[in-house]
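Me: I've got a model open and want to talk it through. Can you help me read it?

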Amino acid sequence: MVITPEMRSRIEAAMEKYPQKRGALLPALHIVHEAVGHVTPETARELATLFDLRPPDVMEVVHFYNMFYDRPQGRHHVYVCTNLPCSLRGARSLVRALEAHLGIEAGETTKDGRITLGHEECLGACAYAPMMRVDDEYHEDLDVEEAKRILDGLE
Amino acid sequence: MGLKVPYVTSYLTEHFADDALGTIEGYEAKGGYAAARKVLRESTPESVIETMKASGLQGRGGAGFVTGLKWSFMPKGTEKPKYFCVNADESEPGSFKDRLLLERAPHKMLEGILIGAFAIGAEKTFIYIRGEYAYPAKQVQRAIDEAYAKGYLGRNVFGTGFSHDVVLHRGAGAYICGEETGLLESLEGRKGQPRKKPPFPAEYGAFGMPTTVNNVETFCHVPHILANGPDWFRGFGTEKSPGTTIFGVSGHVARPGLYELPLGTRLDEIIFEHAGGVPGGRKVKGVIPGGMSMPILPAGQLDVPMANEFLRERKTMLGTGGVMVMDETTCMVRASSIISYFFRDESCGQCTQCREGTGWIHKIVSRIERGSGSVDDLDLLLDICGKMEGQTICAFADAAAWPIQGMLRHFREDFELHLKHQKCPFPESFEL
């Protein structure tokens with residue numbers, strides 16, 4: 001069982017807020033990602049049972065959204081915004097510097113499973129470019145040295 | 001934490017430097033919830049809708065539809081539950097104003113929701129916030145909890161017998177969920193693929209029930225309009241586009257920031273007087289005036305007043321008010337390649353013209369940028385754009401075609417130089 005009784009009761013509480021329980025599927029997937037980081041076929045089966053869906057109904061939702069994953073990710077998600085306003089202010093060279101610093105390319109995870117590095121579309125921080133999202137936190141007005149320091153501080 | 005970004009303030013962002021504004025006590029100390037209390041106690045739904053119509057407030061999420069009119073489309077005398085949705089999925093590149101409102105003044109939005117819910121007879125509001133906005137979501141949830149604790153949400157609001165619930169719903173990273181019917185699909189636990197219209201959401205919306213979707217900033221104007229009246233509101237902005245909006249300025253300017261100014265403020269005033277102009281003595285080359293979906297304007301057209309009636313004459317629109325400034329070093333083919341990558345990445349894939357067209361545009365723009373384009377490519381680009389516009393379920397395909405058409409209208413020379421020299425002729429441009 002991937003979904004613990006505690007997770008299950010949080011999911012059931014979320015279902016109460018919607019006129020149809022499927023409304024709680026995104027909240028449920030957030031709860032799963034918070035706890036175990038990604039959705040396995042087993043998790044999809046368990047969720048499907050809870051929601052009266054078929055496992056592929058769950059997986060197609062997982063695949064549609066950038067923040068849901070079907071395979072293991074690093075312990076920390078580091079996403080640099082490389083959309084136009086950030087690129088105008090050096091975001092692309094920031095990504096390259098972080099790739100070199102971690103010895104991986106954007107889209108990959110460090111061998112120790114510590115960090116998944118990626119670029120992301122506009123994060124709504126255009127006046128503070130360049131910026132990156134580390135898990136749930138924004139780091140803004142970055143330069144390369146500061147960004148490296150932030151990465152080095154991740155466990 | 002204060003405000004760390006340069007800003008100009010008017011009624012919408014008044015007291016925004018004060019952290020206390022985010023709490024219910026701080027908001028009430030500045031007169032917050034007085035308008036909602038008065039409306040719920042003394043007014044009727046019809047008169048609220050009339051006031052909103054008279055104010056002429058246009059939605060601030062990009063399409064600019066008159067809010068009061070949208071509210072009036074909700075069916076009356078139906079037994080079905082009615083819903084409100086707040087579109088807090090702010091994802092239009094170059095837009096970051098709603099984040100400011102969500103973080104700094106979540107109660108202002110809640111007050112606007114209460115007034116609107118009373119007007120349209122909604123029993124519940126779903127606030128759809130983009131998944132990446134974790135901190136804004138925390139602020140909003142805290143505000144919702146505070147409002148419930150004080151009896152400003154839930155049953156019998158302000159002792160008036162009116163009841164309303166608010167649910168915060170987090171998205172999970174998909175630009176298309178900012179399209180109102182994509183948002184509704186996502187809210188229902190599905191892929192965020194937009195619906196065919198009609199039926200419009202007022203008839204068949206969230207969970208099949210009558211629903212109105214409005215943007216965060218739109219809700220924030222509402223308490224001010226009800227407190228001060230439509231004539232006061234029309235004292236800001238132009239005759240056709242009343243009120244202020246929050247312009248988010250980014251890119252090559254000295255002071256990127258958020259500037260609340262009347263609609264109709266000239267673009268050059270925003271860039272040079274408020275955002276400090278381009279640093280390093282360089283000149284402006286082009287400006288995207290309203291978020292990335294809107295066609296670019298060249299340096300010679302910065303005298304335009306920022307309101308749709310004037311921007312349309314220049315073949316662009318206000319969109320979300322996200323102003324992206326590019327200086328003279330900028331390679332516009334490179335900029336186009338970033339723009340086209342974004343739309344390729346975010347197309348939901350259900351319409352062929354959009355799914356194939358966005359990928360095709362990106363492929364062509366990229367090969368021109370790399371120096372391997374052919375002379376026919378520019379006509380081909382325009383042909384593809386023409387076949388995407390107006391041909392799909394939602395406006396995403398239009399939004400993908402417009403910026404490329406704008407680039408070719410004003411900066412065709414940049415593309416031609418790439419084709420002629422078979423390489424990028426702008427060595428100082430930003431890196432790709």
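Me: Which strands does helix H9 of chain B lie across, and at about what angle does it run to E5(B)?
Reply: H9 (residues 216-228) of chain B lies across strand E2 (83-88) and E5 of chain B, and runs at about 90° to E5(B). Axes here are lines fitted to C-alpha atoms, for helices over the stretch in contact, and angles run from 0 to 180 degrees between N-to-C directions. Helices (H or I, at least four residues) and strands (E, at least two) are DSSP runs, numbered from the N terminus.

Me: Before we go on, what am I looking at, and how is it numbered?
Reply: This is a predicted model: local features need pLDDT of at least 70, side-chain atom pairs count only at pLDDT 80 or more, and totals for chains, interfaces and linings use all residues. Residues are numbered from 1 along each chain as its sequence is written, while chains are lettered from A and ligands numbered from 1 in the order in which they are written.

Me: Back to the sheet. What's the strand order in chain B?
Reply: E4-E3-E2-E5, an open sheet of four strands with parallel pairing. Strands pair if DSSP finds at least two bridges between them. E4 (165-170) and E5 of chain B are at the edges with a single partner strand each, so one side of each has no neighbour in the sheet. From one strand to the next, the twist averages 20°.

Me: How many bridges join E3 and E4 of chain B?
Reply: Six, in the parallel sense, with E3 of chain B covering residues 124-129. Across that pair, Lys124(B) stands opposite Asp165(B) in E4(B).

Me: New topic. How many residues of chain A are in contact with chain B?
Reply: 35 residues of chain A, in contact with 46 residues of chain B. Contact means that the C-beta atoms, placed from the backbone, lie within 7 Å.

Me: Which helix of chain A gives the most to that side?
Reply: H2(A), with four residues. By class, the side of chain A that touches chain B has 20 nonpolar, eight polar and seven charged residues. For the classes, Ala, Val, Leu, Ile, Met, Phe, Trp, Tyr, Cys and Pro count as nonpolar, Asp, Glu, Lys and Arg as charged, and the others, Gly among them, as polar.

Me: Which residues of H4(A) are buried?
Reply: Val58(A), Val61(A), Val62(A) and Phe64(A). They cover an arc of only 165° around the axis, so they sit on the same side of H4(A). That arc is taken from the directions from the helix axis to the C-beta atoms. What covers these buried residues includes H2 and helix H3 (41-51) of chain A. A residue is buried if 20 or more other C-beta atoms lie within 10 Å of its own, exposed if 12 or fewer, and partly exposed in between, with C-beta atoms placed from the backbone.

Me: Is Tyr33(B) buried or exposed?
Reply: Tyr33(B) counts as buried because it has 21 C-beta neighbours inside 10 Å.

Methods. Two residues are in contact if their C-beta atoms, placed from the backbone, lie within 7 Å.
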